[in-house]
Amino acid sequence: MSIGLLLALVGLALVDSTSLGTLFIPVWLLLTPGRVDARRILVYLGTIAGFYLAVGLLLVWGGSRLADALGGALDNRPVLWGQLVLGVGLFALSFRYDGKRNRPGGGAVLRWRDRATSGDSSVRWLVGLALLAALAEVATMLPYLGALGRLTTSGLGAVAVVALLAAYCLVMVLPAALLLAARMAWPARIEPLLARLNAWIVRTSGSAMGWILGIAGFLLARDAAARLELFGRFVDR
């Protein structure tokens with residue numbers, strides 16, 4: 001296990017810590033007036049971390065088996081053309097996210113957030129909100145996929161991979177946990193900071209989603225075009 005691998009995983013986890021589910025919604029919950037129920041927010045963060053860990057283990061162990069089962073199916077030309085269309089579609093969709101018209105999560109997350117922060121809501125609403133946010137991010141969890149790629153090619157054993165994935169998920173929710181601790185220790189000082197942080201997230205999150213979709217779409221389209229040898233055909237012409 002190299003220092004470079006550990007640093008890369010920490011960096012990717014910190015990038016993941018700024019997503020909708022790991023920062024934006026926790027800030028919402030911390031801005032709830034009155035005394036903060038730490039247990040409820042920890043349940044939310046634990047659900048997010050557990051979901052990511054489960055998805056990671058599924059992709060690390062199930063993904064390789066699925067790839068072996070598919071064999072060369074993913075290199076078939078119809079599949080590659082489908083990948084190219086998907087990449088171009090994601091890239092085109094990215095231009096709809098300008099940070100002004102769009103808000104992360106949509107109405108469903110807003111409704112679940114309001115229910116979860118109400119005084120008479122139960123823990124299951126926090127769990128549902130966490131799962132809803134995590135599911136909304138599955139298609140764009142590029143940092144996590146990068147971390148999984150590094151782990152699968154690291155040659156580490158199963159125990160080490162599980163431990164590193166668990167540590168990744170803990171680092172991913174650490175900033176929100178620190179904000180929770182600060183909110184409980186110094187509420188008067190931290191609330192203005194949370195309000196500014198919330199305003200910044202609302203202002204920039206749409207643009208960030210656009211960049212993520214654009215980069216993902218470009219990479220998918222470029223990979224498909226290269227394997228279809230489209231670039232060579234254009235050069236020959």
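View 1. From the N terminus on, the elements run α-α-α-α-α-α-α-α-α-α. That's 10 helices and 0 strands (DSSP runs: H or I of at least four residues for helices, E of at least two for strands, numbered from the N terminus). This is a predicted model, where local features need pLDDT of at least 70 and side-chain atom pairs count only at pLDDT 80 or more, while totals for chains, interfaces and linings use all residues. Residues are numbered from 1 along each chain as its sequence is written, and side-chain values use heavy atoms, leaving out hydrogens and water.

View 2. Leu 5, Ala 8, Leu 9, Ala 13 and Asp 16 of α1 are buried (under 20% relative accessible area; exposed is over 50%, partly exposed in between, with a 1.4 Å probe and protein chains only). Why do they share a side of α1? Because they cover an arc of only 130° around the axis, taken from the directions from the helix axis to the C-beta atoms. Ile 3 and Leu 7 are exposed on the other side of α1.

**View 3. Rings in pairs.** The whole structure holds 3 aromatic pairs (Phe, Tyr or Trp rings, using the six-membered ring of Trp, with centres within 6.5 Å; planes under 30 degrees apart are stacked, over 60 edge-to-face, the rest tilted). Phe 24 and Trp 28 make a tilted one, 4.3 Å centre to centre with 45° between the planes. They sit 4 residues apart in helix α2, so about one helical turn separates them.

**View 4. A cluster of tyrosines.** Ring pairs link Tyr 52, Tyr 144 and Tyr 168. Both Tyr 144 and Tyr 168 are buried.
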